[in-house]
Amino acid sequence: MKTITKHFLKGVFLFVAVGLNAQASQECNIKYNLFKGDVTTKKYEQSKENLNYLLENCSKLSVNIYKYGAKVADQTKDADLYKKVYEARLVNFPDKGAAKAHSDYATFLSKNKLASEDEIFNILEKAYKASPKDMGVKNIFKYFKGIVGKYKDANPQKVFDTYDDVMESVGEKLDDYNVKISKLLVKDSLGTIDSKEKKRLKIYSINSKALGLVEGGLDADISAIATCERLIPIYSRDYEANKTNGVWLKRAVSRMYNKECQGDPLFEKLAKSYADVTQSADAFNFVAGVLDNNGDSKGAVAMRKKAFDLETDPLKKARLKLRAAQGTKSKSRARALAYEALKYNPNMGKAYLFIASLYAKSANSCGNNEFEKRMVYVAALNKAQRAQRVDPGSGAGRYIKSYKSNIPSKKLIFTTGVAAGSPHKIGCWIGETVRVPKY
């Protein structure tokens with residue numbers, strides 16, 4: 001009898017516990033939906049009561065509690081609430097969007113001047129370690145600036161490594177936006193784009209342009225540090241320890257190439273080691289450049305073909321073609337290679353910018369008078385504007401500004417006796433027809 005009573009009571013307690021849990025769960029869902037509704041309708045102050053209930057009683061219900069909670073704290077400038085939401089999120093959902101959570105909190109603290117630069121840097125470092133590509137655009141740049149300030153003299157290799165990691169993340173984001181923008185631009189040109197897609201195209205373009213500015217800013221910062229005089233001793237010292245490390249070799253070769261340090265024998269050694277270790281298209285393309293420098297043009301052509309045939313990703317194929325164009329002395333051949341790159345990635349803004357730079361460099365030799373020479377800049381401007389249109393992250397803005405300042409003025413057009421808007425054929429190797437500017 002005692003045993004029966006014991007089991008009966010145990011069953012009653014279990015039933016009551018299950019019932020209470022179900023009731024608590026139901027209450028959490030009700031509070032969550034009310035909270036979400038308030039946030040969606042921008043009733044931020046009103047939403048705080050339900051938010052605090054959720055934080056105290058339903059902390060593991062959904063990561064969205066913390067996403068919306070951060071928005072509430074930000075909109076109401078409630079520093080204590082933001083800290084509470086931020087810390088609770090990391091406890092309850094440590095693996096869901098931690099990098100963005102850190103990055104957003106750093107932004108809040110910085111915007112409202114609630115923490116020192118060192119404190120903000122430490123939070124950004126947590127974001128960077130979790131996932132650089134999920135950090136906010138401005139915070140990527142701010143974190144790198146912090147690294148440069150701390151380590152440019154004490155540990156330049158750390159600066160280089162951080163730069164490479166960040167640039168790879170930025171590059172991935174830019175490629176992703178490039179693909180998305182490309183598809184939507186096609187629909188836009190056909191008139192089949194809807195309002196939601198139009199909005200997405202605008203957002204993608206804005207974000208891509210912002211990333212392009214970050215990329216340019218990072219390049220400017222690293223340029224002062226990554227000189228051939230600095231790189232060669234560092235890579236010479238570290239080569240033996242890294243000669244089988246494909247990632248290290250790729251970064252070392254790429255940096256020396258970008259800084260035009262190919263004339264040093266170390267570059268050839270690095271490029272060949274990179275090819276031996278990775279057997280990659282990228283590596284073989286660098287070896288092709290070495291062969292070119294050594295006078296083996298036939299071998300270089302064969303090596304570039306090997307690299308190109310090995311690559312399967314159309315975006316990377318486009319990059320290989322553009323690099324080949326950049327290493328070609330003949331301007332007309334270089335342009336042809338850049339157009340080949342555009343066959344694999346029609347939205348490759350940097351290919352258009354490269355063509356624009358070829359035109360700008362030819363301005364003095366492709367005209368018989370000031371008007372004709374300045375019309376060459378119109379052709380360059382057209383290409384730069386095309387780059388901006390199809391690839392907002394290409395960094396075309398500064399090129400556009402430069403070329404615009406060199407096109408024929410209204411006065412020059414008038415004194416030359418040509419009609420604004422009329423066609424003008426540019427001679428020499430360019431051979432393009434452009435329109436005389438209208439003012």
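**Exercise 1. Identify the contact of helix 16 with helix 17 and describe its geometry.**

Solution. Step 1: in this predicted model, Lys331, Ala334, Arg335, Ala338, Tyr339 and Leu342 of helix 16 meet Ala351, Tyr352, Phe354, Ile355, Leu358, Tyr359 and Lys361 of helix 17. Step 2: by class, this contact comprises 10 nonpolar and three charged residues, with no polar ones.

Step 1: helix 16 covers residues 331-344 and helix 17 covers residues 349-361; their axes lie 9 Å apart, at an angle of about 165°. Step 4: an angle over 145 degrees counts as roughly antiparallel, and helix 16 is therefore roughly antiparallel to helix 17. Step 5: the crossing of helix 16 past helix 17 is left-handed.

**Exercise 2. Determine the relative orientation of helix 12 and helix 13, then list the residues that meet.**

Solution. Step 1: the axes of helix 12 (residues 265-278) and helix 13 (residues 281-293) cross at roughly 150° and come within 8 Å. Step 2: helix 12 and helix 13 are therefore roughly antiparallel to each other. Step 3: helix 12 passes helix 13 in a left-handed crossing.

Step 2: from helix 12, the contact draws on Phe267, Glu268, Ala271, Lys272, Tyr274, Ala275 and Thr278; from helix 13, on Asp282, Ala283, Phe284, Phe286, Val287 and Val290. Step 5: these residues divide into nine nonpolar, one polar and three charged.

**Exercise 3. Characterise the packing of helix 4 with helix 5.**

Solution. Step 1: the two axes, those of helix 4 and helix 5, come within 11 Å and cross at roughly 165°. Step 2: helix 4 and helix 5 are therefore roughly antiparallel to each other, and helix 4 passes helix 5 in a left-handed crossing.

Step 1: Ala79, Tyr82, Lys83, Tyr86, Arg89 and Leu90 in helix 4 are in contact with Ala98, Ala101, His102, Asp104, Tyr105 and Phe108 in helix 5. Step 4: the classes in this contact are eight nonpolar, one polar and three charged.

**Exercise 4. Which residues lie nearest the centre of the second largest pocket, and which elements give two or more residues to its lining?**

Solution. Step 1: the second largest pocket holds about 470 Å³ of space. Step 2: its lining has 17 residues, and Ala70, Lys71, Tyr82, Lys100 and Asp104 lie nearest its centre. Step 3: helix 3 (64-75), helix 4 (79-92) and helix 5 (98-111) each give two or more residues to the lining.

Step 2: the lining residues divide into seven nonpolar, three polar and seven charged.

Methods:
Residues numbered from 1 in each chain as written. Predicted model: local features only at pLDDT ≥ 70, side-chain atom pairs only at ≥ 80, totals over all residues. Heavy atoms only, no water. 1 Å grid on protein atoms, 1.4 Å probe; cavity = no way out; pocket = protein on both sides within 12 Å on 5 of 7 lines; lining within 4 Å. Points joined across faces, edges and corners; volume = space filled by probe spheres on them. Helix = DSSP H or I, 4+ residues; strand = E, 2+ residues; numbered from the N terminus. Nonpolar A, V, L, I, M, F, W, Y, C, P; charged D, E, K, R; others polar. Axes fitted to C-alpha atoms, helices over the stretch in contact; angles between N-to-C directions. Parallel < 35°, antiparallel > 145°, perpendicular 65-115°, else oblique. Left-handed = near helix turned anticlockwise from the far one by under 90°. Contact = heavy atoms within 4.5 Å.
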